[in-house]
Amino acid sequence: MAENRGQTTINIERRISASIMLAIWLAVFVLPVALLQLSLDYLFKLTRQANMRAVTVRMTNEMNRFRNDLEIESYLQRTCEEFFLASASRQIENPLALAACLRTKTGISAAGVMTHTADTQTVDFWFSEELNALANMSRTLGRRWFVSVNEQQLYHFYSTAAKAAVDAIFRFSNPVKAKKDADLFFRRMFSLIAEIPVVPGRVSRSLSAKLGGPVFFYYHPFREMRAGFTYIDGGCLLIIRGRDIPWHQAARAAANRGAPGLQRNFSRFSQSLWEQQTAVQTPITRFFETEQGYHLQSTMSRGSMIDFVQDGTLVPARLQEFARTMPLLQVSVSESQLQHPLFQYRSSISFICRLFLLAGTMLLMNLYLFGFDFKAGITSKVVAGTAFILVLPFILLASGFISWNQINQVSGRYRLELQQHQLFTDFTEGLADYMLDLQRSTCDLAQEIEENLDCGQDEKLRAIFARHLRQNPVTAELRLDRKFSEGLYISSPFLPDSINKGEESSMRLFAATIMHGFDDAGVLSNVSSTGEEESFTSMNASFINKVVNRCGGVYKFAAFGSDKRFSSVYFNFPGKNSISGILTAVFDRDTLLANFVRKHIMGETAMRQRFFIMREDSGLPRFYDLADNREVSDARLLEQLKLASISGHNLYETPADGLTQIFSMIDMSLFMMVQGKGVVGERVKAGYLLLLPLYGLLLMLLILLVFKLIYLRPIEEFIRVTESVAAGDYQQRVDLNGADEFGELKVAFDEMVAGLEQRRCLSHFLSSEAMRAVEDDSDESMAPGGVRIEASIAFVKLHDLHGKARTPESVFKALGSFIDAADRSAMRHGGVVDKLVEDTLMLVFRSSVNSKDHAFSSVSAILDLVVSMRKRGFQLQGAIASGSVVSGRIGSRLGKLDFTVIGDTVNLAARLKAEAHRTTQTGIIVAPSTIRLLRGRARVSFIARTEIKGKSREYPLYELTALRQPCAYSP
C-alpha cells in the first residue's frame with residue numbers, strides 16, 4: 001500500500017487470483033441474473049393463468065350484457081332516451097319535423113309520431129303512407145289515451161281551464177275504463193295481437209298485422225318543475241316499425257358498449273347449418289386463446305335471432321343467410337390485459353441483464369489483468385460498496401415480493417368471491433330454515449285449534465288467532481275454511497290488509513274445490529256421488545294433490561297471480577280421509593323477506609349486503625330496495641340487476657365498491673347484492689415494497705455506524721470546527737485524542753485556526769482594500785509599486801474637536817464615533833477610510849467595474865457623514881477632489897508597507913480642506929474637477945477665488961450644498 005502523508009486520498013493496488021475472480025463472477029453476476037430471469041418468467045406465467053381465471057366470470061357477465069344490449073328493445077330504449085335528452089328534440093312540436101329530426105339524429109325512421117302540448121290540451125299526429133288510414137283518428141280519443149297514460153290528473157295544471165277540460169273528458173267514464181277503451185282502439189287501428197302496455201319512458205313491443213311485423217311504441221312525457229310542483233309540459237309518442245330499425249346499426253351500437261378492458265365484436269360460425277346433415281360437432285359457446293388474447297364466443301339471444309331472421313317482418317326472410325353464416329357474439333380480452341405489467345418490458349429487462357453481465361465480466365477481467373486503483377472518500381466507499389453488494393439481492397427480493405403480491409391479489413380476489421358466495425349460501429340456507437319455522441308455527445297452530453273447529457268455538461278460535469298474530473308479526477292473515485260452515489278470517493293488526501276482493505274470492509273457491517274434491521276414502525275425483533260433474537273449479541287432480549301434500553309448507557299459489565306466500569294445513573273428518581277444513585296462514589312476501597333480513601344481518605360485517613325485490617308493472621320489471629321500499633333509480637345498478645335477473649348471477653368490479661356480486665333467488669324474485677373491498681394483495685403490496693428500502697437503509701446505517709466509530713467521527717469533528725471558524729469563532733480547537741494520522745491532522749488544523757485568528761486581528765488595523773491586496777497578491781508580487789487609476793479623494797475633520805472634548809478619553813471617544821460613521825458611509829457608497837491623521841480622515845473612492853461613478857459616490861458619502869455627525873453634535877470641515885492618482889503599496893518590502901493613493905489630486909484635496917473655514921452650510925469644499933464629473937447632479941455655491949499652493953493662478957472655491965437626486969442629506 002502506497003500512502004502519501006500530505007494527501008487525504010489512499011491508493012490501493014491489488015491483484016486477485018483467477019479462482020476468486022470466477023467465484024465473484026458467478027455469485028455476484030451470473031447467479032442473480034439467472035434467478036431474476038427465472039423468477040420473472042414464472043411470475044409472468046402465473047399472472048397470465050390467474051388473470052385468465054379471474055376474467056372468465058367477467059367475460060361471462062359481459063356476454064350476457066352483450067346479448068341484452070343487442071336486443072332491439074334495449075337499443076331503442078337507449079336511442080330514444082339519448083334523443084329526448086337533447087334540448088333540440090324538446091323544442092320541436094310539429095310531429096313531421098320531430099320524425100325528420102329523429103331520422104337525422106339516430107338513423108331510425110318512425111312510422112308515426114303523436115304529440116301533445118302542455119297539460120295534454122292539444123293532440124297532433126303524423127303517420128307514414130302505410131298508416132294513412134289513421135290520419136282521421138279522433139284527437140279527443142288520442143287525448144284521452146294520453147291523459148290515461150301520463151296520469152295528468154296526478155300533476156299540477158298550468159291553468160284551471162286546462163284542469164276543467166281534462167276532467168270533462170272523464171265526465172261519463174272512469175279513467176280505468178277510458179284507458180282500456182283507448183288501448184282497444186289502438187289495438188284495432190294498428191291490428192295488434194294484444195293491447196299495448198305503454199309505460200312512460202319505456203319501449204313497448206307488439207306485433208301488427210297492418211305494419212306486417214313487429215312494432216314498437218315509446219312515449220316520452222316532458223315534465224317541468226316550478227315552485228316545487230311538477231307540471232306536464234308536453235309529450236311525444238313514437239311508433240316505429242321493426243323493419244325500419246337497421247339491425248347492423250343496432251349491432252354496431254351494442255358492440256361499442258364494451259366494459260373497460262373487454263372488447264365486443266362479431267364473428268361467424270365456422271360451419272354452415274344450412275347444408276349440415278348431421279349434428280354439429282364444433283361447440284358454439286366456447287373459450288379459446290389466440291395470439292391477440294383470450295376470447296369467449298357464443299350465440300345471440302333467441303329474440304335477437306328472430307329479429308335478424310325476420311328482418312322486421314313476420315316471415316323468416318333471412319333464414320338461409322342466417323343458417324349459412326350464423327353470426328356469433330365474441331367477448332375478448334387483449335393479451336396485454338392478461339399479462340403482468342412488467343411483461344411489456346421483458347425484452348428491455350433481458351437486455352439490461354445481459355448488459356449487466358457483460359459489464360461485470362469486463363470489470364472483473366480488468367481487475368484480474370491490471371488490478372484496481374480505488375480513489376474515494378471513506379463515506380463514498382462505504383455507500384458505494386454497500387449499494388453495489390445489495391443492488392442485485394434487492395432486485396431479487398423485489399421481484400419475489402411482486403410475484404407474491406400478484407398471486408396474493410388474485411387469491412385474495414378468489415377468497416373474497418368465495419366469501420360472497422358463502423354469504424349467499426348462508427342466506428339461502430337461513431331463509432330455508434326460516435320457512436321451516438313458519439311451517440312449524442302453522443302446524444303448531446293447527447294442532448292447537450284442531451279440537452275447536454266447530455262453529456260454536458269461533459270466539460275461542462279468534463282469541464287463539466289473535467295471540468298467534470301477536471307472536472308472529474310477519475303473518476298478514478289467518479284463514480280457516482270449513483266444508484259445511486262459514487269461514488273464519490282475521491288480519492294482523494301490525495300489517496295492512498292487502499288482499500283484494502278478487503284474490504279473496506279465488507281463495508274461497510280454491511278451498512271449496514279442495515274440500516269437495518275428496519270422497520270419504522280420500523280419493524280425489526272430479527265426479528260427485530250423484531254422477532254429476534263438480535262445478536267449483538276446473539283445476540286438475542294432479543295439481544290439487546300436489547298442493548295438499550305440502551301440508552304447512554310456505555309456497556306461492558301461481559293461480560292467484562300475487563306475490564303473497566301461503567302455508568296451509570288440512571283437517572280431516574274423524575275416521576275419514578276426506579278434508580273438513582283448511583287453515584291458511586298468509587304472508588306478505590316483502591314483509592316476510594324484510595323481517596328475515598333484519599334477523600339474518602345482525603352485526604357489522606366486512607361486506608355490505610343489500611337486498612332488492614323485483615315487481616312487474618304492466619309486464620315491465622321494476623326493482624325496489626327491500627330496506628326502504630324505494631325504487632332503484634341508479635341507471636348502472638338498474639342495468640346490473642336486470643342482467644342478474646336474466647342470468648341469475650352477476651359479478652362486476654368498480655373502483656369505489658371493489659368486487660360486487662348480485663345473486664338472484666329462484667322462487668322469491670329477490671336479489672342479494674354483496675359488495676366487498678380490501679383484496680389482501682393490495683395491502684401486502686404497499687407494506688412489503690416499503691420494507692425493502694427500509695431494510696436496505698437499515699443495513700447501510702449499520703455499516704456506516706461501524707465506520708463512523710473508526711473514521712467518520714474524527715471527520716465530523718473537523719467539520720464542526722470548520723463550520724465554527726467559518727462563522728467567526730476562531731477560539732475553537734479540534735477535540736481529538738490519538739496518535740494516528742487524525743492526531744497529526746489535528747495539530748496542523750489547530751495551527752491553521754490560530755493563524756486565521758491573527759489575520760482577523762490584523763484586519764482591524766488595515767483597510768479592506770489593503771486586506772484584499774494582501775489576499776490577491778502572492779509573496780513575489782508584494783514589492784512596493786502601484787498603478788494609475790481614476791478616483792475621488794476626500795479629507796474631512798472634526799471642527800473644534802479639542803474645544804468640545806477636553807479630556808483625552810473624550811477625544812478618543814469622539815474620534816472613534818467619527819471613524820465608525822465615516823466607515824459606514826464610505827462602505828455604503830463604495831469607498832474606504834484610508835487613514836486617520838490627528839483629527840482628519842482620508843477617504844478614497846476608486847473607480848472600478850462595479851463603481852465607475854466615483855465622484856457621485858464620494859459626495860453622497862460625505863453628505864451622509866455630515867448629517868450623521870451633526871446628529872452627534874459635531875460640525876465637519878473638508879474637501880473633495882477627483883482625478884488621476886497612483887494606487888498601490890508604498891514602503892519597504894522588508895519593513896512596513898502601506899496600501900494608499902498619492903498624487904496631485906490627493907494634494908489638492910488636502911489643500912482645499914484648509915480653506916473649509918470659509919464655508920457657511922455643509923463645511924465641504926468641492927473641486928471643479930469633481931463638479932465636472934457630477935454633471936449637474938449636485939448643488940454648489942461659489943465662495944471666492946484664492947491662491948492655492950501649487951496652482952499658478954487663483955483657484956475658485958465652491959461649497960457643496962446638496963445633491964439634486966434624493967439622498968440622505970438636506971440643508
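Q: What is the mean pLDDT of the protein?

A: The term pLDDT denotes the predictor's confidence in each residue, from 0 to 100. The mean for this protein is 79, and 81% of its residues reach 70 or more. Over residues 527-538 the pLDDT is below 50, and this stretch has 10 contacts in the model beyond near neighbours in sequence; a contact means heavy atoms within 4.5 Å. Residues 778-783 also have pLDDT under 50, and for them the model has eight contacts beyond four places in sequence. Where pLDDT is low, the predicted coordinates should not be read in detail.

Q: How many helices and strands does the protein have?

A: Helices (H or I, at least four residues) and strands (E, at least two) are DSSP runs, numbered from the N terminus. The protein has 26 helices and 29 strands. Of the contacts with a separation of 6 or more, 63% are between residues 24 or more positions apart.

Q: At what angle do the axes of α1 and α2 cross?

A: Axes are lines fitted to C-alpha atoms, for helices over the stretch in contact, and angles run from 0 to 180 degrees between N-to-C directions. Angles under 35 degrees count as roughly parallel, over 145 as roughly antiparallel, 65 to 115 as roughly perpendicular and the rest as oblique. The axes of α1 and α2 cross at roughly 75° and come within 5 Å, so α1 is roughly perpendicular to α2. Here Asn68, Asp69 and Leu70 of α1 meet Ile72, Ser74, Tyr75 and Arg78 of α2.

Q: Which classes of residue make up the contact of α1 with α2?

A: Ala, Val, Leu, Ile, Met, Phe, Trp, Tyr, Cys and Pro count as nonpolar, Asp, Glu, Lys and Arg as charged, and the others, Gly among them, as polar. The contact of α1 with α2 has three nonpolar, two polar and two charged residues.

Q: How is the packing of α2 and α8 described?

A: These two helices pack at an angle of about 75°, with their axes 10 Å apart, so α2 is roughly perpendicular to α8. Ile72, Tyr75 and Arg78 of α2 meet Trp247, Gln249, Ala250, Ala253 and Ala254 of α8. By class, the residues of this contact divide into six nonpolar, one polar and one charged.

Q: Where does helix α18 meet α1?

A: The axes of α1 (residues 18-70) and α18 (residues 635-647) cross at roughly 100° and come within 10 Å. The contact is made by Asn64, Arg65, Asn68 and Asp69 of α1 and by Glu639, Gln640, Leu643, Ile646 and Ser647 of α18. Its residues comprise two nonpolar, four polar and three charged.

Q: Which residues have the most contacts inside the largest nonpolar core?

A: Buried means under 20% relative accessible area, exposed over 50%, and partly exposed in between (1.4 Å probe, protein chains only). A nonpolar core is a set of buried Ala, Val, Leu, Ile, Met, Phe, Trp, Tyr and Cys residues joined through side-chain atoms within 4.5 Å. The largest such core has 46 residues, and Met59, Leu76 and Leu238 have the most contacts inside it. Leaving aside neighbours within four places in sequence, Leu76 is in contact with Ile108, Val203, Phe216, Ile240 and Ile245. Another core lies apart from it, with 42 residues, among them Leu469, Val569, Leu626 and Leu670. Buried residues make up 43% of the 971 residues in the protein.

Q: Which residues of helix α9 are buried?

A: In α9 (residues 302-310) the buried residues are Ser304, Asp307, Phe308, Val309 and Gln310. The elements covering them include α1, α2, β4, α8, α10 and β10.

Q: What is the phi of Asp311?

A: Most residues other than glycine have a negative phi. Asp311, in the loop between α9 and α10, has a positive phi near 55°. Asp311 is partly exposed, with a relative accessible area of 36%. Ser191, in the loop between α7 and β4, also has a positive phi, near 55°.

Key:
Residues numbered from 1 in each chain as written. Predicted model: local features only at pLDDT ≥ 70, side-chain atom pairs only at ≥ 80, totals over all residues. Heavy atoms only, no water.
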